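Please look over the sequence and the model below before reading on.

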2 protein chains.
Amino acid sequence: MQRRGLLLILSSPSGAGKSTLARRLMGWDPTIRFSVSATTRAPRPGEEDGREYYFRSRAQFEAMIADQQMLEHAEVFGNLYGSPRGPVEAAMAEGRDTLFDIDWQGGQQIRNSALGRDVVSVFVLPPSIAELDRRLRGRAQDSEEVIAGRMAKSRDEISHWAEYDYVLVNDDIDRSFKQLQTILEAERMRRDRQPALTDFVRGLNREFEQR
Amino acid sequence: MQRRGLLLILSSPSGAGKSTLARRLMGWDPTIRFSVSATTRAPRPGEEDGREYYFRSRAQFEAMIADQQMLEHAEVFGNLYGSPRGPVEAAMAEGRDTLFDIDWQGGQQIRNSALGRDVVSVFVLPPSIAELDRRLRGRAQDSEEVIAGRMAKSRDEISHWAEYDYVLVNDDIDRSFKQLQTILEAERMRRDRQPALTDFVRGLNREFEQR
């Protein structure tokens, strides 16, 4: 039966394992569409329009906001970032899910949008801050100041954990991935995501009538 | 982490496979508590108090209703049937789930009770009425009148499918059981069923403070 596509929002502080989970989920089910954000910041070397981001001018981006074409958006360090609505609705109409790798601000906006009832939100927590620190340091040789800034951002992000439907403590990536799969499989089965059931029950009633 | 026990309500017309699913679920996870109903009807040969039913006098049953000790109750053919609240709350406090094999009327009452937010409800549909008919006839040598009565009751039960969180079409019992497991595993993970998360995040914040 064709079902209604859902919006899977994955949020976490940087370093908690969200991107790994997102990548594994896409590999497990290639029908899932990853929501590519739009941004007004300039592309960095190697970045491609439509892959890392949709690169847009500020005028273009603001026109999209005015046209209600952004599911959510925010300004960060002078640049606009947002999730275009069109591709999400196209995926939903095909019964495909969209995966959002966004922060709590984006999550809040989408949950409070017209598509709010289609949202399943998952927050990924690190097993400890010491471990989060290790993972952040492992990535690159950043200054203590940069690390401290990231930790402050992490703390802010974590403070919104209770706004999510599900919260995973990622102390084992395999276990967390299995949990994420289970969540997605169950949420896809919810009655309100199975519009074909209405016709199916209509068929049962026709059978009753014809007895 | 200790979690909050949930109330799993399983409803379906007789013959759709609900009892088989319930039995398999209890075998899979013995911590699940099956809600034994109370009734004022007389025990039949072989029935044991506390196993098939809690057998109570009408006066006892009515006193339980007056004491708010019944999560739901209904009168059927002159006998009272209901789900006692005490054992459910005891199970919840231990982080154990309770499985209810009840009809739509009981489901409605529990969903609308103070424990409503702890309910996960699943309706099991037969793949067709012809198949339901076959399964009902396969059970015993009943008169056409008895079968017709059961079919009318089935139709009434099915008419309430849209009140449930999940609806399974049971055309393959193994597949349906797997779906039921997935639903239960995911629902157990919901944030609002994980009260220990609050303390866990408090611990993360303490770590942030101590840096």
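How far apart are the mean positions of the positive and negative charges of chain A? For the 31 positive and 33 negative charges, the mean positions are 3 Å apart, where Lys and Arg count as positive, Asp and Glu as negative, and His and the chain ends are not counted; each charge is placed at NZ of Lys, CZ of Arg, CG of Asp or CD of Glu.

This is a predicted model, in which local features need pLDDT of at least 70 and side-chain atom pairs count only at pLDDT 80 or more, while totals for chains, interfaces and linings use all residues. Residues are numbered from 1 along each chain as its sequence is written, chains are lettered from A and ligands numbered from 1 in the order in which they are written, and side-chain values use heavy atoms, with hydrogens and water left out.

Chain A has eight helices and nine strands, which are DSSP runs numbered from the N terminus (H or I over at least four residues for helices, E over at least two for strands). The C-alpha atoms of chain A fill a box of roughly 75 × 45 × 30 Å along the principal axes. Of the 211 residues in chain A, 48% are buried, that is, under 20% relative accessible area with a 1.4 Å probe and protein chains only, whereas exposed means over 50% and partly exposed lies in between. Among the contacts in chain A with a separation of 6 or more, 68% join residues 24 or more positions apart, a contact being heavy atoms within 4.5 Å.

The largest nonpolar core has 94 residues, and those with the most contacts inside it are A:Leu7, A:Leu125, B:Leu7 and B:Leu125. Such a core is a set of buried Ala, Val, Leu, Ile, Met, Phe, Trp, Tyr and Cys residues joined through side-chain atoms within 4.5 Å.

In chain B, helix H3 (residues 86-93) has B:Val88, B:Ala91 and B:Met92 buried. These buried residues fall within an arc of 100 degrees seen down the axis, so they line one face of the helix; the arc is that of the directions from the helix axis to the C-beta atoms. Their cover includes strands E1 (7-11) and E5 (70-76) of chain B.

B:Met92, with a relative accessible area of 10%, is buried. Leaving aside neighbours within four places in sequence, B:Met92 is in contact with residues including B:Gly5, B:Leu7 and B:Leu115. B:Met92 and B:Gly5 are 87 residues apart in sequence, yet 4.1 Å apart in space, C-alpha to C-alpha.
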